[in-house]
Amino acid sequence: MAKKFYQLSPDERIDRLTVSKDTKTALKRHQSRQNSQLIENYISDYNLPLGLLGNLIVDSQGYTVPMVTEEPSVVAAANNGARLLGLQGGVTTTSQESLTTVGQLLFAGVNADDLADFVVQHRDEIDDAARRAKSSIYRRGGGLVDVTVRSLPGQRTSVDFAIDTQAAMGANIVNTILEGERSVFDPFADRFVAAILSNYSPHQVITAQGKVAVADLGGQDIARKIAALSDFGGVDIYRATTENKGIYNGIAAVTLATGNDTRAISAAGHAWAAGDGQYHSLSHWQLSEDGTQLLGELTLPLPVGTVGGAIGALPSAQTALEILGNPDGRHLRGVLVAVGLAQNLAALKALSGEGIQAGHMRMQARALALQVGAQPDEVGPLVAALAEAEQLDSAVAQQKLEELRQHESQNSNPFRPS
Ligand code: NDP
């Protein structure tokens with residue numbers, strides 16, 4: 001019987017693709033045994049650029065921060081924001097002492113008060129079930145911290161389990177404990193719907209604060225404009241969504257580099273941004289009373305870990321953590337929120353000054369150069385030529401590249417310094 005697609009080896013899957021021989025060879029060249037075990041239907045590795053944020057100061061400690069992103073200008077902007085914040089001593093962070101992740105047992109057609117009474121009466125059994133389901137997290141100092149019952153519209157009820165997952169992000173740990181709890185809630189089995197971790201993470205919130213001297217920004221006008229722009233993020237969902245996307249440009253890049261779950265942090269962040277019913281920016285900037293400083297604050301949940309999931313399985317995630325100095329979870333969260341604040345500052349400054357497009361297009365020109373087929377030693381001259389162009393698009397880039405190549409064939413080699 002023919003093998004199913006998922007039963008094939010990576011090479012066999014590649015051979016079934018309708019792509020050129022060269023593409024197949026390239027795919028086969030970039031395989032790794034380690035990654036082939038991480039996901040299903042694996043065929044090859046997919047490379048992304050890893051860049052560095054040079055000097056981020058968080059709670060008086062300097063970090064070199066690895067960032068993985070495909071978007072030009074993100075790393076440059078993060079460095080710019082971190083430099084400005086660093087001039088005033090860097091970013092300070094505050095967070096809750098103990099962090100928990102919530103898991104839900106969901107019931108339909110049940111009175112929430114009945115479940116609340118049941119939880120009070122059976123609390124010891126609930127604790128025992130959690131301990132039995134995942135004894136190792138108790139040995140590590142974590143485990144079930146709290147159980148609460150939430151009444152939802154339409155006779156729906158959520159029993160929320162707050163679980164301390166220690167150094168792990170904890171999705172699997174929480175789901176394992178929830179599975180163990182199901183039998184305790186047997187009397188409600190006919191109304192049980194699902195047991196699942198929640199990515200809403202109000203118990204993982206961290207705040208970063210930083211300041212910039214107005215003089216370092218280029219004067220009162222730009223500082224006032226940044227504050228005014230920040231106010232838009234508090235009242236306008238169109239502006240707030242873009243501002244938060246910019247914040248996650250940096251945070252997601254570090255999250256990805258360290259092998260953490262980028263979807264979990266952004267889902268948690270956007271839900272937090274809409275927590276009071278109105279979606280708003282996660283950050284806020286305002287002028288100090290004496291008008292000499294711009295004060296910034298960013299608050300968001302960061303459900304990340306330093307162990308577990310793909311972190312231990314991905315050598316590049318281990319490398320990223322080593323570059324960061326192997327931080328514990330508290331310090332990793334501090335770095336992430338500080339990167340978000342730096343990224344946000346740089347974006348607001350660019351928008352309030354020369355406009356976002358000037359800086360972006362300089363970086364975009366590099367991507368465009370690669371897109372039209374420029375070789376590595378042609379990228380620099382082509383970007384310089386594009387900087388002079390009135391329009392920036394692929395047709396212009398193609399034309400400029402051809403001109404440069406013609407020039408090269410007529411002269412010795414204009415791309416390489418003699
Ligand atoms: P794991 O399932 O890998 O569990 C954590 C592991 O880390 C355990 O094996 C634990 O070992 C080990 N560990 C070692 N040291 C510690 C320590 N100090 N504290 C805690 N654990 C330690 O990962 P998670 O439970 O963290 O789950 C994260 C993964 O789940 C991510 O890959 C995520 O993408 C994925 N996921 C996410 C979902 C979501 O967000 N909705 C849903 C499902 C999965 P031991 O067992 O010996 O204690």
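This is a predicted model: local features need pLDDT of at least 70, side-chain atom pairs count only at pLDDT 80 or more; totals for chains, interfaces and linings use all residues.
**A walk around the ligand and through the chain**

Let us look at how the shell is put together.

In the side chain of Asp 261, an N or O atom lies 2.7 Å from an oxygen atom of the ligand. Lys 134 also reaches the ligand with its side chain, placing a polar atom 2.9 Å from a ligand oxygen. With Met 169 the backbone takes part: one of its polar backbone atoms is 3.4 Å from an oxygen atom of the ligand. How much of the ligand's surface does the protein bury? Taken alone, the ligand exposes 930 Å², and the protein buries 68% of that.

Now step back to see the whole chain. It has 17 helices and ten strands, and its C-alpha atoms fill a box of roughly 85 × 75 × 40 Å along the principal axes. Of its 418 residues, 44% count as buried.

Where do the nonpolar residues gather? In soluble globular proteins, nonpolar side chains tend to be buried together. Here, the largest nonpolar core has 50 residues, and those touching the most other members are Leu 56, Val 65, Met 67, Leu 217, Trp 285 and Leu 300. Helix H14, which spans residues 329-352, gives the most to this core, contributing ten residues. Apart from this core lies another one, of 29 residues, with Val 110, Ala 130, Leu 197 and Ala 264 among them.

Next, follow a pair of residues that are separated along the chain. Tyr 238 sits in helix H11, residues 237-257, while Ser 281 belongs to the loop between helix H12 (262-273) and strand E9 (283-287). The two are 43 residues apart in sequence, and their C-alpha atoms are 10.0 Å apart in space. Their surroundings can be read from the accessibility values. Tyr 238 has a relative accessibility of 69%, so it counts as exposed, the cut-off being over 50%. Ser 281 has 7%, so it counts as buried, which requires under 20%. The side chain of Ser 281 also has a polar atom 3.1 Å from the backbone nitrogen of Ser 283.

A second pair gives another view across the chain. Val 145 is found in strand E5, residues 143-152. Between Val 145 and Ala 271 there are 126 residues of separation in sequence and 23 Å in space, C-alpha to C-alpha. Is Val 145 buried, exposed or partly exposed? Its relative accessibility is 46%, and therefore Val 145 counts as partly exposed.

Finally, have a look at two loop residues with a backbone feature to check. Asn 41 has a positive phi of about 55 degrees although it is not a glycine. Its place is the loop between helix H3 (33-36) and strand E1 (50-58). With 36% relative accessibility, Asn 41 counts as partly exposed. Ser 60 is likewise not a glycine, and has a positive phi of about 70 degrees. You can find Ser 60 in the loop that runs between E1 and strand E2 (61-68). The relative accessible area of Ser 60 is 73%, which means that this residue is exposed.

Notes: Residues are numbered from 1 along each chain as its sequence is written. Side-chain values use heavy atoms; hydrogens and water are left out. A polar contact is a pair of N or O atoms within 3.5 Å; within protein, one must be able to donate a hydrogen and the other to accept it, and residues adjacent in sequence count only if both atoms are side-chain atoms. Accessible areas come from the Shrake-Rupley method with a 1.4 Å probe; for residues, only the protein chains shown count as cover. A nonpolar core is a set of buried Ala, Val, Leu, Ile, Met, Phe, Trp, Tyr and Cys residues joined through side-chain atoms within 4.5 Å. Buried means under 20% relative accessible area, exposed over 50%, partly exposed in between (1.4 Å probe, protein chains only). Helices (H or I, at least four residues) and strands (E, at least two) are DSSP runs, numbered from the N terminus.
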